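Biologist: Could you take me through this model? I would like to begin with the sheet and then turn to some individual residues.

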Amino acid sequence: MSVQYQITGSAATEIAASIESGVRSGDLAPGRTLPPVRKLAADLGVAPGTVASAYRRLRERGVVETGGRAGTFIRQRSAFTPTGTLKVPSGVLDLVSGEPDPDLLPDLASLMPRVEVSPGNYRDGGPCPDLLDLARDRFAADGVHGDLTVTSGALDAFERGLAARLEPGDTVAVEEPTWSNGRDLLLSAGYQVTPVAIDGDGPLPDELDAVLAAGAKAFILTSRGQNPTGAAVSAERAAALREVLARRPGVFVIEDDHWAELSQVPLHFVADAAERWMFVRSVSKPYGPNLRCALVAADPETKARIQGRMQMGHGWVSRILQHFVIAAWTDEAVEAQVAHAGRVYAERQGALREALAAHGIDVWGRSGLNVWVPVADETAAVVALRDAGYAVAPGRAYSFHGHQGIRISTSRLDPALAAAVADAVAQASGPAAPPI
């Protein structure tokens with residue numbers, strides 16, 4: 001830990017506040033290991049239980065996490081961590097960002113002539129009827145029916161849906177490994193988070209049943225393109241998950257289908273097996289991150305609560321953004337470009353999956369922008385791959401149980417380089433336990 005920063009405090013709240021202050025200032029950097037409970041207690045002259053309580057508070061707020069023998073350390077991202085632009089060293093291939101390839105995104109400027117940009121007024125704000133009609137048809141083609149609304153992206157939908165159905169302190173079940181941004185949002189909002197192990201076909205039904213029986217009030221799953229693994233819910237797995245949820249009618253289910261138009265595998269819908277549910281389809285991956293817009297289908301009461309809360313807050317998603325989505329969804333050239341992008345992403349991911357399989361490394365990725373590779377020592381693997389010219393993400397931020405792994409983004413991976421990347425991964429990864 002930085003010698004310039006000293007943790008202070010005599011009560012759990014004071015110790016936690018001191019650590020938060022260090023995180024905000026950057027003196028306690030992401031990944032920094034905190035002192036063991038007994039050592040910090042001795043340094044501060046307090047009982048070990050006081051420090052343990054402070055660490056527990058910080059863990060519940062998503063500031064720190066515990067990784068077994070790795071101890072307690074500052075999370076890679078929390079509500080208090082300064083953010084900045086990801087920098088990949090010169091000469092190193094970016095396999096870490098997980099962003100859509102800019103070269104595969106539609107040119108939104110070409111849609112401008114078809115986008116209504118009038119000033120509008122407060123009285124007529126809200127979801128555009130034309131956009132809801134288009135979304136209704138698109139959802140219905142995938143077997144999704146429900147009351148529709150619009151939010152400012154997927155995370156906005158998650159936050160509003162959970163606020164409409166849960167209380168702070170309630171437990172939310174999420175996939176393991178999981179999308180770190182979503183988990184960080186839940187923790188910063190005061191929810192308890194519990195993992196449900198997954199494999200290449202999605203969440204494991206027995207694990208889901210167990211956490212729901214233990215009291216989880218909500219469950220969030222990814223339909224396709226799961227981050228960080230690339231898993232996609234199969235038809236058989238969807239049917240099994242629906243059976244579990246049908247036995248737990250009070251559970252609130254959120255289904256994230258961010259990969260949607262880019263997917264080369266069909267949707268197998270799960271969420272509406274519950275009485276309280278929400279299906280979220282953002283447009284950022286196929287059409288660009290600047291379109292902060294998501295279409296939401298939900299049971300009538302959930303939709304009404306979400307839209308009602310929006311009306312009392314910022315009101316509605318920009319009508320200009322909504323009209324951009326309408327223009328994108330009704331433009332044949334854009335539709336063809338998105339279809340092409342989906343095929344290219346699948347080719348890139350498939351090339352790495354097959355190259356890894358040639359080394360005996362089986363990964364789940366069959367949809368999305370990433371694959372997850374279990375390793376014996378993720379820190380050593382990340383460093384070795386960086387030295388070999390490849391930047392990948394350490395798995396710590398994605399795993400509850402401290403499973404060692406790396407996330408490799410295939411978003412911009414030239415298939416011709418897949419064999420070289422797989423060779424480097426095989427040399428860097430070492431023997432590893434299964435990822436669940």
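Modeller: What follows concerns a predicted model.

Biologist: What is the strand order in the open sheet of eight strands?

Modeller: The order is 4-11-10-9-8-5-6-7, and the pairing is mixed.

Biologist: Which strands stand at the edges?

Modeller: The edges are taken by strand 4 (147–151) and strand 7 (202–203). Each has a single partner strand, so one side of each is left without a neighbour in the sheet.

Biologist: How many bridges join strand 10 to strand 11?

Modeller: There are five bridges between strand 10 (residues 276–282) and strand 11 (residues 294–298), and the two run antiparallel.

Biologist: Let us change topic to the backbone. Where is the peptide bond cis, with omega near 0°?

Modeller: That bond runs from Glu176 to Pro177. Pro177 belongs to the loop between strand 5 and helix 6. A further cis bond links Asn227 to Pro228, with omega near 25°. Pro228 sits in the loop between strand 8 and helix 8 (235–246).

Biologist: Which residue has a positive phi although it is not a glycine?

Modeller: Ala260 does, with a phi of about 30°. Most residues other than glycine have a negative phi, and most peptide bonds are trans. Ala260 is in the loop between strand 9 (252–256) and strand 10.

Biologist: Why does Ala260 count as buried?

Modeller: Its relative accessibility is 8%, and the cut-off for buried is under 20%.

Biologist: What about His258, is it buried or exposed?

Modeller: His258 is buried, with a relative accessible area of 11%. His258 is likewise found in the loop between strand 9 and strand 10.

Biologist: What is His258 in contact with, leaving aside its neighbours within four places in sequence?

Modeller: With those neighbours left aside, its contacts are Thr222, Arg224, Gly225, Val280, Ser282, Lys285 and Pro286. For Pro286, the C-alpha to C-alpha distance from His258 is 8.7 Å, while the two are 28 residues apart in sequence.

Biologist: Now to strand 15. How many of its five residues are buried?

Modeller: Five of the five residues of strand 15 (residues 405–409) are buried, so this strand is largely enclosed by the rest of the structure.

Biologist: Which strands pair with strand 15?

Modeller: Strand 12 (residues 370–374) runs antiparallel to strand 15 and is joined to it by five bridges. Within that pair, Gly405 is the bridge partner of Pro374. Strand 14 (residues 393–394) also pairs with strand 15 in the antiparallel sense, over two bridges. There, Pro394 stands opposite Ile406.

Biologist: Where does Ser411 lie?

Modeller: Ser411 is in the loop between strand 15 and helix 14 (418–429). With a relative accessible area of 1%, Ser411 is buried. Neighbours within four places in sequence aside, its contacts are Glu99, Pro100, Asp101, Tyr345, Arg348 and Leu369.

Biologist: You mention Leu369. Which loop holds it?

Modeller: Leu369 is placed in the loop between helix 12 (332–357) and strand 12. Leu369 counts as buried at 4% relative accessibility. Beyond four places in sequence, its contacts include Gly98, Trp259, Lys285, Gln349, Ile408 and Ser411.

Biologist: Finally, the surface. Which residues make the nonpolar patch?

Modeller: Met112, Val117 and Ile320 make a nonpolar surface patch of about 240 Å². Met112 lies in the loop between strand 3 (93–94) and helix 4 (129–141), and Met112 is partly exposed, with a relative accessible area of 40%.

How values were computed. Residues are numbered from 1 along each chain as its sequence is written. This is a predicted model: local features need pLDDT of at least 70, side-chain atom pairs count only at pLDDT 80 or more; totals for chains, interfaces and linings use all residues. Side-chain values use heavy atoms; hydrogens and water are left out. Patches are made of residues with over 30% relative accessible area and no salt bridge: like charges are joined within 9 Å, nonpolar side chains (Val, Leu, Ile, Met, Phe, Trp, Tyr) within 5 Å. Accessible areas come from the Shrake-Rupley method with a 1.4 Å probe; for residues, only the protein chains shown count as cover. A salt bridge is a side-chain nitrogen of Lys or Arg within 4 Å of a carboxyl oxygen of Asp or Glu. Helices (H or I, at least four residues) and strands (E, at least two) are DSSP runs, numbered from the N terminus. Buried means under 20% relative accessible area, exposed over 50%, partly exposed in between (1.4 Å probe, protein chains only). Two strands pair if DSSP finds at least two bridges between them. Contact means heavy atoms within 4.5 Å.
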